[in-house]
Amino acid sequence: MYYNILVARPFDQVFTYESDDQTLEVGQIVIVPFGKAMEVGMIMQSDVSKPDYTIKKIETIIKGIQLKEINIKFLKWVSDYTLAPIGSVLKLFTINKDIITYKRDDKIVSEATFKSTILNDEQNKAKEDIIKIQKSSHKPVVLEGVTGSGKTEVYFDLIEQEINQSKQILIMVPEISLTPQFENRFKERFGMDINIWHSKITPKKRKEIWHKCYAGEPIVVIGARSSLFLPFTNLGLTVIDEEHDSSYKQEDNIRYQARDLAVVKANFEKNKLILASATPSLETINNINHKKYHHVFLSKQYSGLPLPQISLVDLSKNKLEKNQWISALLKKEIEKCLSNKEQALIFLNRRGYSPLSLCVECGYRHQCAQCSSWLVMHQQKKRLLCHQCGSIEEMSFNCPKCLAKDSIKFIGPGVERIAEELTQSFPDKVISVMSSDLINSPKKIKELIDKFSNKEIDIIVATQIMAKGYDFPNLSLVGVIDADAGLFGGDMRAIEKTYNMLQQVSGRAGRSQQTGNVIIQTYYPEQPIIQSLQQRDRTSFVQQALLEREQFNIPPFGFMTSIIISGPSKGNVEKISQQLVYFRKYSEEFSILGPVEAPINLLKGQFRYRILLKGKSRKNLNIFTKKMVSSVKIPSAVRVVIDVDPYTFM
Ligand SMILES: [Zn+2]
Ligand SMILES: [Zn+2]
């Protein structure tokens, strides 16, 4: 018999194969010869007519693994929505030779011993509300709670119910670096192991978890984006923690938004889904406003303490000393905090020592040879680093252009420079830096977090890695060095992201023992965004932001797709970009912006151009985009990437 087979390769079509076996069903997994290699494939259609060219035979039929109709429906949907070839989407399901041919050892079931926590009245009501909602509705539930309100305890109670019914549970988190503290918390609460799923787990673990999910065994998985594609067959509940976090958007290979796909999948499968956040995304709020999602809100800190007081330091009136970035006012607050034997967190979302190295003689700037970006000086590594491509150069104080000696000066601060300034002001205190350069493994994160929790560190200077998820009882002061970076002049998503980050970091102080204090340095204290931040008036920020997006017809009110064209020859890249937009004459339904040189116009030696498409209907926009891209013959030296619902415009 002849079968149409989807092969896990980047093709948008099926291929026909032959087999003596007449009984193969749609969704069954096979291994087929493809080119010179053997590839994994899935039966999409059986009993197709014999084509008039030579047909290869199916090599191996995998017994016992078959995707259900609903899985295939979802797979097709992902391909249609992201415009990724359907064969590449099959690959996302981690169906590879290693996994499908794996034979399991005996099953070991880990016994759970629950240690319930006592929920306060507000948490209890939230829990009961969610249970009631989920009995009669399959729409997602947004669990919004101010920082420190104990959202996790609420959904832990709901997870307990699912475990009691031998159901599978998936908890998605935006950054796997957050998992060590979460893992401990989970173990303490449930006395059982949690299965961690991300790209760096061992092949053995990967196989074990995949097969447990497929077998419908009652397991709890905590995972990054890709956990969405695990083959759960008995899923009770999915929780998406920090649902607003932009790292749910995958930016390489297939570009997809894991949160959005999880919502679609839960809808297909009629499964329960909770979106948790202290700062729900504008898309999610818009869905609540339109009654597509339910909303449950926790308004108080679990500790019963009032939320920390936020004060602004107007830097235009409180002038900073030369080559210093911490105002006298903030320093005084740090001193007060430390003399009370409490701890401080100083926040600046900029890695390294200094973002710009400049020759004072000739104006030369250290720039990456591969990218259009400045090199950032990292003092601890004694190197210049490109934050775009990661390339490293030796640090030199002499100018490579005019050859002046000792003429390179470092302009502006990163976290390392802030730590240096703090060391000068508080020489007898322990000051640590937390950024992804220095703390780059779950083990190192745990060490630093433990040290800070045990009060071995007085001041921690941190980037966004610290903005969320952590709980420090003795932390009473948060200082924000530069609230203006990212809030003004950025694109719409950058502004939302910065606002959320500042709101989250403000919630780190005073969570359990004493009322916290937050000091924000800004040059624009009167600006409405800064005002709403200070007054904890998120609603007015959200209303204003939604209004602006509606005016400009951008998400969640309109749809956008980016096309990124790149290659080693600038002329070629520009030519192809021009040819692509030539297609605009076929439609007036969409606005097509560009092509323009990308803000990062050179990345890893590739010149980059961008086109932005905007439209009112995702379906029509996708049909148009597909036609547009296929209207041009793309040479192999030029790469065209389609980014549906783009999050970055660089
Ligand atoms: Zn670079
Ligand atoms: Zn120079």
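Residues are numbered from 1 along each chain as its sequence is written, and chains are lettered from A and ligands numbered from 1 in the order in which they are written. Because the model is predicted, local features need pLDDT of at least 70 and side-chain atom pairs count only at pLDDT 80 or more, while totals for chains, interfaces and linings use all residues.

The protein chain is assigned domain 1 (2–100), domain 2 (121–298), domain 3 (309–353 + 413–547) and domain 4 (559–644); such bounds come from an automatic or database domain assignment. Between the C-alpha centres of domain 1 and domain 4 the distance is 30 Å. Four residues of domain 1 and five residues of domain 4 form the contact, where two residues are in contact if their C-beta atoms, placed from the backbone, lie within 7 Å. On the domain 1 side, two of these residues are nonpolar, one is polar and one is charged. In this classification Ala, Val, Leu, Ile, Met, Phe, Trp, Tyr, Cys and Pro count as nonpolar, Asp, Glu, Lys and Arg as charged, and the others, Gly among them, as polar.

Strand β11 covers residues 272–277; helices (H or I, at least four residues) and strands (E, at least two) are DSSP runs, numbered from the N terminus. Six of the six residues of β11 are buried, so the strand is largely enclosed by the rest of the structure. A residue is buried if 20 or more other C-beta atoms lie within 10 Å of its own, exposed if 12 or fewer, and partly exposed in between, with C-beta atoms placed from the backbone. In a regular strand the side chains alternate between the two faces of the sheet. One side of β11 carries Lys272, Ile274 and Ala276, and the other carries Leu273, Leu275 and Ser277. Strand β6 (residues 141–145) runs parallel to β11 and is joined to it by four bridges, with Val142 opposite Leu275. Strand β10 (residues 235–240) is also parallel to β11, again through four bridges, and Thr238 is the bridge partner of Leu273. Strands pair if DSSP finds at least two bridges between them. Together with helix α8 (residues 258–269), β10 and β11 make a right-handed β-α-β unit; right-handed means that, with the strands pointing away from the viewer, the path from the first strand over the helix to the second runs clockwise.

Strand β21 (residues 459–462) is likewise covered on both faces, with Ile459 and Val461 buried on one side and Ile460 and Ala462 on the other. Four bridges link it in parallel to strand β14 (residues 343–347), where Ile346 faces Val461. Four bridges also link β21 in parallel to strand β20 (residues 431–434), where Ile431 faces Ile459. From β20 the chain passes through helix α12 (residues 442–453) to β21 in a right-handed crossover.

The largest nonpolar core has 79 residues, and Ile5, Leu143, Tyr155 and Ala262 have the most contacts inside it. A nonpolar core is a set of buried Ala, Val, Leu, Ile, Met, Phe, Trp, Tyr and Cys residues joined through C-beta atoms within 7 Å. Domain 1 and domain 2 each supply at least three residues to this core. A second, separate core of 52 residues includes Leu422, Ala483, Met501 and Val505.

Thr279 lies in the loop between β11 and α9 (282–289). Thr279 counts as buried because it has 26 C-beta neighbours inside 10 Å. Leaving out residues up to four places away in sequence, Thr279 touches His244, Asn500, Gln503 and Gln504.
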